[in-house]
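Welcome! Let's take a short tour of this protein, going from the overall picture to a few individual residues.

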Amino acid sequence: MTAPLLEVSGLKTQFPTASGVAKAVDGVSFRLERGEVLGLVGESGSGKSVTGFSLIGLVDEPGRIVEGSVRYEGRDLVGLPTSDLRRIRGKEIAMVFQDPMMTLNPLLSIATQMRLAIAAHERVSKAAARARSVAVLARVGIPAPESRLDAYPHQFSGGMRQRVAIAIALLHRPKIIIADEPTTALDVSIQAQILTEMKMLVDEIGMAMIWISHDLATVSSIADRIAVMYAGRIVESGPVGAVLRDPRHPYTQGLLDSLPSRTRPGEELRQIPGTTPSLLNLPQGCAFAPRCPRADDLCKAVPVESVAMDRTYRCHHPETQRSAA
């Protein structure tokens with residue numbers, strides 16, 4: 001069996017606070033194969049973004065990885081010196097953030113920012129850097145890339161800024177891109193365009209991608225596999241079609257039921273009762289039990305991971321009966 005491009009095992013990231021320790025990532029494990037798109041899904045506060053940051057050592061103090069491994073091409077990234085991580089970040093593993101205005105420097109032209117991104121890993125002439133920048137801008141759908149290269153971030157629309165951020169991530173043809181909710185702030189039509197372009201890029205370049213989102217519909221259109229997170233843990237994972245057609249965990253079923261497309265005109269929208277628990281004070285046993293319609297005394301114990309073919313889930317009462325119905 002071929003070794004995966006990225007293998008995460010037992011990853012735990014915690015943030016000590018005056019009120020206790022927030023277990024933002026609590027024993028996360030998954031594999032990412034070459035050329036694969038993995039969708040990481042869950043409500044706000046489930047630990048998706050912190051998981052993405054943890055993979056490449058971008059967790060700010062006082063947060064820290066306390067346990068687990070992140071093996072990239074067999075090399076564990078956890079505990080690597082910052083200088084070694086910097087050689088990997090951007091070049092081999094790149095990240096696209098949710099808000100490009102927070103990552104693009106408003107005082108520098110796009111050309112300057114792209115040239116600096118190239119110079120961080122390679123020594124090339126200004127002409128070569130400009131030519132590469134024009135090429136990747138064109139690839140992500142920026143019209144007239146040669147002239148737009150000299151513009152500043154405020155001269156682009158939100159959708160175009162996000163395309164620029166994606167283009168910067170592509171400058172070194174990375175093997176992995178971590179996309180942290182990159183289309184959340186965009187309107188639906190622009191979202192669809194960027195999703196289509198990203199899927200084409202994955203197919204053309206052969207890179208792997210982790211797409212972080214709270215939107216199941218978005219993930220279903222781009223991902224090959226899906227991992228559903230709740231309270232810092234992956235509660236279900238598997239091929240995206242199988243998970244969405246036949247969810248095993250009640251939380252996954254609840255996310256699907258809450259989609260507007262699942263209700264008829266005039267029906268009240270369904271929702272998961274309650275709110276996500278505080279990461280400072282997680283419930284005993286299954287963290288989803290206080291919101292779960294199937295919870296009983298058995299759920300006071302932490303559910304072990306069940307494996308069925310290429311599916312995994314953590315639940316004492318999986319949704320198999322409901323799904324079959």
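## Overall build

The protein contains twelve helices and twelve strands; these are DSSP runs numbered from the N terminus, with helices being H or I of at least four residues and strands E of at least two. Its radius of gyration is 21 Å, close to the 20 Å that the globule rule gives for 325 residues, so the protein is as compact as a globular protein of that length. That radius is taken over C-alpha atoms, and the rule is 2.2 Å times the number of residues to the power 0.38. The C-alpha trace spans about 65 × 50 × 45 Å along its principal axes.

A word on the source: this is a predicted model, in which local features need pLDDT of at least 70 and side-chain atom pairs count only at pLDDT 80 or more, while totals for chains, interfaces and linings use all residues. Residues are numbered from 1 along each chain as its sequence is written, and side-chain values use heavy atoms, with hydrogens and water left out.

How many of the 325 residues count as buried? The share is 48%, where buried means under 20% relative accessible area, exposed over 50% and partly exposed in between (1.4 Å probe, protein chains only). Looking at contacts (heavy atoms within 4.5 Å), of those between residues at least 6 apart in sequence, 65% join residues at least 24 apart.

## Backbone details to look for

Let's turn to the loops. E61 and P62 are joined by a cis peptide bond with an omega of about 10°, and P62 sits in the loop between α1 (48-55) and β4 (64-72).

Two residues other than glycine have a positive phi. For A144, in the loop between α5 (126-139) and α6 (145-148), phi is near 45°. E181 has a positive phi of about 45° and belongs to the loop between β7 (176-180) and α8 (188-205). A144 is partly exposed at 47% relative accessible area, whereas E181 counts as buried at 9% relative accessibility.

## A closer look at Q113

Is Q113 buried or exposed? With a relative accessible area of 12%, Q113 is buried; you will find this residue in helix α4 (residues 110-119).

Leaving aside residues up to four places away in sequence, Q113 touches T103, L104, N105, L108 and P153. For L108, the backbone oxygen lies 2.9 Å from a polar atom of the Q113 side chain.

Terms used. A polar contact is a pair of N or O atoms within 3.5 Å; within protein, one must be able to donate a hydrogen and the other to accept it, and residues adjacent in sequence count only if both atoms are side-chain atoms.
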